[in-house]
Amino acid sequence: MKNTFLFLYQHQDIIDYEVYQGAYVVNEAWSKERGAPFRERLKGLKPGKEKEEIQAQARLDRGQYFKPAYMKLLNT
């Protein structure tokens with residue numbers, strides 16, 4: 001089987017890595033659908049604890065968004 005991709009299960013470490021790296025399947029759709037509130041909260045913030053906390057919340061939200069979006073893409 002040439003050029004075959006076999007995906008058996010979604011391991012959380014892999015999902016977390018893909019989300020952290022900015023997986024395309026997530027970033028574009030998530031940004032349009034759910035990213036605005038996070039962008040608003042980050043506006044004008046300087047590097048620091050508050051900014052890091054908001055970014056961590058955004059990554060968590062992307063992770064929750066990612067799994068069903070990734071499953072849909074794989075099923076397609």
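1. Let's start with aspartate 61. Leaving out residues up to four places away in sequence, this residue touches Trp30, Arg34 and Phe38, where a contact means heavy atoms within 4.5 Å. Aspartate 61 lies in helix α4, residues 49-75; helices here are DSSP runs of H or I with at least four residues, strands are E runs of at least two, and both are numbered from the N terminus. Aspartate 61 counts as buried because its relative accessibility is 13%. For the cut-offs, buried is under 20% relative accessible area, exposed is over 50%, and partly exposed is in between, with a 1.4 Å probe and protein chains only.

2. A word on what you're looking at. This is a predicted model, in which local features need pLDDT of at least 70 and side-chain atom pairs count only at pLDDT 80 or more, while totals for chains, interfaces and linings use all residues. Numbering runs from 1 along each chain as its sequence is written, and side-chain values use heavy atoms, with hydrogens and water left out.

3. Which residue forms a salt bridge with aspartate 61? The partner is arginine 34, with the closest N and O atoms 2.7 Å apart. That pair links distant parts of the chain, since arginine 34 belongs to helix α2 (residues 24-34) and aspartate 61 to helix α4, 27 residues apart. Arginine 34 has 32% relative accessibility, so it counts as partly exposed. The salt-bridge rule asks for a side-chain nitrogen of Lys or Arg within 4 Å of a carboxyl oxygen of Asp or Glu.

4. By that rule there are two salt bridges. Glutamate 40 and lysine 43 also form one, their closest N and O atoms being 2.9 Å apart. Both glutamate 40 and lysine 43 are exposed.

5. The charged end of arginine 62 sits over the ring of tryptophan 30, 4.6 Å from the ring centre. To qualify, NZ of Lys or CZ of Arg must be within 6 Å of the ring centre and within 35 degrees of the ring normal.

6. Back in helix α4, you'll also find glutamate 52. Is glutamate 52 buried or exposed? Glutamate 52 counts as exposed because its relative accessibility is 51%. Its C-alpha atom is separated by 9.5 Å from that of leucine 42, ten residues apart along the chain.

7. Now the whole chain. The protein chain has four helices and zero strands, giving the pattern α-α-α-α along the sequence. Of its 76 residues, 22% count as buried. Among contacts with a separation of 6 or more, 70% come from residues 24 or more positions apart. The chain exposes about 6200 Å², and carbon and sulfur atoms supply 54% of that; accessible areas come from the Shrake-Rupley method with a 1.4 Å probe.

8. Last, confidence. The average pLDDT of the protein chain is 78, and 63% of the residues score at least 70; pLDDT is the predictor's confidence in each residue, from 0 to 100. Where pLDDT is low, the predicted coordinates should not be read in detail.
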